[in-house]
Amino acid sequence: MGEMIQNTEHRTQSTEKKAIATRDAYGEALLELGEKRKDVVVLDADLSGSTKTGKFAAAFPERFYNIGVSEQDMVGTASGLSLTGKLPFASTFAIFETGRAWEQIRQTVCYSNLNVKLVATHSGISVGEDGASHQAIEDIALMRVLPNMTVVVPADGAETKQVIEAIADYYGPVYVRLGRAKVPNVMPEDYKFAIARAHIFNTGKDANIIATGIMVSVSLEAAEILRSEGIDVGVINMSTIKPLDSGALLKAAQSSRLIVTAEEHSIIGGLGGAVCEFLAENHPMPVKRIGIRDTFGCSGTPDELMKLYGLTSDDIVKTIIQCQ
Amino acid sequence: MNPATAYRDINFLREKAKAVRVEILKMLAEAGSGHTGGSLSATDIATAIYFYKLKHKPEDPGWRERDRFILSKGHAAPLLYAVLALSGYFDVSLLKTLRKLGSPLQGHPSSKSLPGVEVSTGSLGQGLSIANGIAIGLKMDGLDSRVYCLLGDGEIQEGQVWEAAMTAAHYRLDNMCAMVDLNGLQIDGPVSEVKGIEPVDMKWKAFGWHVIDIDGNDMDAIVKALDAAESVKGKPTVILARTLKGKGVSFFEGKVKYHGIAPTQEELRRALKELE
């Protein structure tokens, strides 16, 4: 009895500790990285409180540059820093980072193949009340199309920390997509992130869900519901969207009758687009895309918006049942 | 090191500028396309930079302590290629491959293909931000290296230039020297008609820069301005170089038409004769 209570308490405590927003994990990861590596320089465009780069700024003010409300200039300045051998992390909200500064990212960061890390927060509709202007639902598409770019979308706080460490050791442009809302910890304790390596939770005969970001946790919930109804469903965390882990994707495709993609992003050009492109050429089969269906977001609580835009576990369950 | 660094050998620099113009014209005529006017207007500035002011080692393009030159007006690529070749970064014979398939001399500068090109440019408005980042990085490393960034006058219609102008002043980047090639013409016509930028000196002053206004085709004035810029502390310096588009070839001078077209073989022959 006593042991059971202890276990429950342990689980509750660890869940609470782990349910953090990926942006919070980024703030912590940057702080750790800044201590380890003196070449790390952080830039922000007047949103350091929200992107959590403010923690780094407080600890290492001499290595933090607030560029003000000018994202294009921030990306250019980060590029220049990389040309002197620094390791710049440039952060702001996802739509401003990838949208406003897209051409700077293309012309300077990607074309010159510079070692610039673009880590953006406030992606997707889970931004909530700020509404459509601040909800990036196109950013994966915008970054994925660029040569030399790597695109990573961590599923939880723990994975985010590993992603930040991994990209620091990798030379080249990287876009990391983070969120504002808290997400439960979903990755196993012994999980080790590597760029371009998906994590296969399990595969199912009836459907495999390829998910990214906060949709990994939603997909795991959906798979559990479906399995309780006798439908065999697997889940894969495709945290690197470019380059896609084609091996894992092929394995998922070959082992089931249906592939479902799940992302908090437009169904056009993001994970769903990437998966469809690969499968159409290599393993044609039925695919269903869960995501924002070519429309803008709006104000509301994150939970309300996830329901409104069809991004809940129930939505995934219904989609898969309809295909059986 | 620069042959003219230790002394102000203006005649040497004028002759060098002539040689740069010859190479620009030859490579453009061979390529059959490219930007003639803006390469020639800024030739004296770039010549003074590369053969008088810049601390660099052409045999070691990645030398950590080098000064940096960023060609923000990337369409003047022929000018950059000419000064790089004549400085010894690569063989002059490579210039005739400009804009050809497989050539490292891309239509606009690509840092991935050619030594001496610090960063790829060509999309206007981005160079000053990059230059700022380099200037910050050099200061962080305790180096006294300087950054030179050449912009066009049409280019400063880009909003990002003014974002970067604020950043340089805010962070007191006194190792930064921007130069604006004020040749007065852009593709669609005179800058004053397309979208006026005057009073350009007051704009930069208002943005917190030390301003030096000169005749940008006067070698003596350029050299003095570059020296003066070095002694300005606590703020960035901009040299407003009033130039003549197409400078050096009478029938190109002041002509909008030659912004983006290359000389024909006949025009090349006449131009080279004038420069002799």
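**Strand pairing, nonpolar core and contact surfaces**

In strand 14 of chain A, the residue that stands opposite A:Ala262 is A:Ile290. The model in which this pairing occurs is predicted. Strand 14 spans residues 287–292 of chain A, and five bridges link this strand to strand 13 in the parallel sense. Strand 13 itself covers residues 259–266 and is mostly covered, with eight of its eight residues buried. Together with helix 12 (residues 271–282) of chain A, strands 13 and 14 of chain A form a β-α-β unit that is right-handed.

The largest nonpolar core comprises 181 residues. The members that touch the most other members of this core are A:Ile209, A:Ile210, B:Tyr81, B:Met179 and B:Ile239. Because domain 1 (2–183) and domain 2 (199–322) of chain A both contribute residues to this core, the core lies between them. When residues up to four places away in sequence are left out of the count, B:Met179 touches B:Ile45, B:Tyr148, B:Leu150, B:Leu151, B:Ile239 and B:Ala241.

The division of chain A into domain 1 (2–183) and domain 2 (199–322) was examined next. A separation of 24 Å lies between the C-alpha centres of the two domains of chain A. Their contact draws 25 residues from domain 1 and 30 residues from domain 2 of chain A. On the side of domain 1 that touches domain 2, helix 8 (139–144) and strand 6 (150–152) of chain A are the elements that give two or more residues. The residues of this side of domain 1 comprise 13 nonpolar, seven polar and five charged.

Contact between the chains involves 21 residues of chain A and 21 residues of chain B. The elements of chain A that give two or more residues to the side touching chain B are helix 5 (71–83) and helix 7 (102–110). Of the elements on this side, helix 5 of chain A gives the most, with nine residues. By residue class, the side of chain A that touches chain B divides into six nonpolar, 12 polar and three charged residues.

Conventions:
Residues numbered from 1 in each chain as written. Chains lettered and ligands numbered in written order. Predicted model: local features only at pLDDT ≥ 70, side-chain atom pairs only at ≥ 80, totals over all residues. Buried ≥ 20, exposed ≤ 12 C-beta atoms within 10 Å, placed from the backbone. Helix = DSSP H or I, 4+ residues; strand = E, 2+ residues; numbered from the N terminus. Pairing = 2+ DSSP bridges. Right-handed = clockwise from strand over helix to strand, strands pointing away. Core = buried A, V, L, I, M, F, W, Y, C linked by C-beta atoms within 7 Å. Domains from an automatic or database assignment. Contact = placed C-beta atoms within 7 Å. Nonpolar A, V, L, I, M, F, W, Y, C, P; charged D, E, K, R; others polar.
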